[in-house]
Amino acid sequence: MDSVQDFGSTTTHPTITIPLSTTTTITTTSPSSSFPATTTTSPSTLSRYENQKRRDWNTFGQYLRNHRPPLSLSRCSGAHVLEFLRYLDQFGKTKVHTHLCPFFGHPNPPAPCPCPLRQAWGSLDALIGRLRAAFEEHGGKPENNPFGARAVRLYLREVRDSQAKARGISYEKKKRKRPPQQHNPASLMPPQALPESTTSASSHDQ
């Protein structure tokens with residue numbers, strides 16, 4: 001992973017902007033600043049996906065720079081990616097009920113509850129997909145990609161299963177319904193009688 005373009009370690013930024021989806025942008029402040037960060041407008045020349053991927057990549061790089069001790073990308077492993085995902089949970093907006101909550105497994109709770117807010121599994125899964133692609137675009141080898149580590153895949157699967165049970169939501173992919181087959185009218189017609197020449201020939205054969 002020595003060929004990976006490393007994040008700069010000399011420049012520090014007072015804010016951390018964490019966009020997790022195309023509709024939600026979470027902004028936090030670092031300990032050295034008490035003012036929230038402002039979201040900059042991405043160039044319109046790039047697609048929404050590319051803009052989001054670039055912001056996610058910069059966010060992860062800033063997380064590594066603010067790590068104690070600071071961590072270089074070449075030394076980043078799946079364990080550090082898990083730390084990053086758990087760190088993001090504090091900015092989540094998805095209610096995940098605990099086992100003791102009376103609304104555990106209820107898809108539409110009728111009342112509020114004190115259960116914690118977490119990052120939704122879908123947001124984390126999409127985030128890892130973008131970071132995994134960005135890592136290889138910046139010179140990283142697929143076999144050394146920390147975002148594709150087995151530990152990260154197992155963590156995402158655990159988050160998906162636990163949130164599905166707690167929220168009463170199924171994440172199984174819906175099967176596509178096949179269009180109804182159109183019957184051929186010819187197949188529904190009764191079999192036609194054999195020509196007389198055929199029947200007469202068969203009688204002579206007997």
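**Note on the predicted structure**

1. The structure discussed here is a predicted model. Helix 4, which spans residues 150–167, supplies the largest share of this patch, namely 3 residues. Arg132, by contrast, is found in helix 3 (residues 121–137). With a relative accessibility of 38%, Arg132 counts as partly exposed.

2. The protein contains 6 helices and 4 strands. Read from the N terminus, the order of elements is β-β-α-α-β-β-α-α-α-α. Of the 206 residues in the protein, 34% are buried.

3. The structure holds 4 salt bridges.

4. The side chains of Lys53 and Glu50 meet in a salt bridge, with 3.2 Å from N to O. How far apart in helix 1 are Lys53 and Glu50? They are 3 residues apart, so about one helical turn separates them. Lys53 is buried, its relative accessible area being 3%, whereas Glu50 is partly exposed at 29% relative accessibility.

5. A salt bridge also joins the side chains of Asp56 and Arg130, at 2.5 Å from N to O. This pair links distant parts of the chain, as Asp56 lies in helix 1 and Arg130 in helix 3, 74 residues apart. Are Asp56 and Arg130 buried or exposed? Both Asp56 and Arg130 are buried.

6. Arg160 forms a salt bridge with Asp161, and their closest N and O atoms are 3.3 Å apart. Arg160 counts as partly exposed, with a relative accessibility of 28%. Asp161 is likewise partly exposed, at 35%.

7. The cysteines deserve a separate remark. How many disulfides does the model contain? The count comes to 0 disulfides. A disulfide requires two cysteine sulfur atoms within 2.5 Å. For Cys113, the closest cysteine sulfur is that of Cys115, and the distance of 3.7 Å is too far for a bond. Cys113 counts as buried because its relative accessibility is 15%, which is under the 20% limit for that class. Cys76 is buried as well, with a relative accessible area of 4%.

8. Gly61 is found in helix 1, which covers residues 48–65. At 0% relative accessibility, Gly61 counts as buried. Gly61 and Leu73 are 12 residues apart in sequence, and their C-alpha atoms are 7.7 Å apart in space.

9. The bond from Arg68 to Pro69 is cis, with omega near -5°. Where is Pro69 found? Pro69 belongs to the loop between helix 1 and helix 2, the latter being residues 78–88.

Terms used:
Residues are numbered from 1 along each chain as its sequence is written. This is a predicted model: local features need pLDDT of at least 70, side-chain atom pairs count only at pLDDT 80 or more; totals for chains, interfaces and linings use all residues. Side-chain values use heavy atoms; hydrogens and water are left out. Buried means under 20% relative accessible area, exposed over 50%, partly exposed in between (1.4 Å probe, protein chains only). Helices (H or I, at least four residues) and strands (E, at least two) are DSSP runs, numbered from the N terminus.
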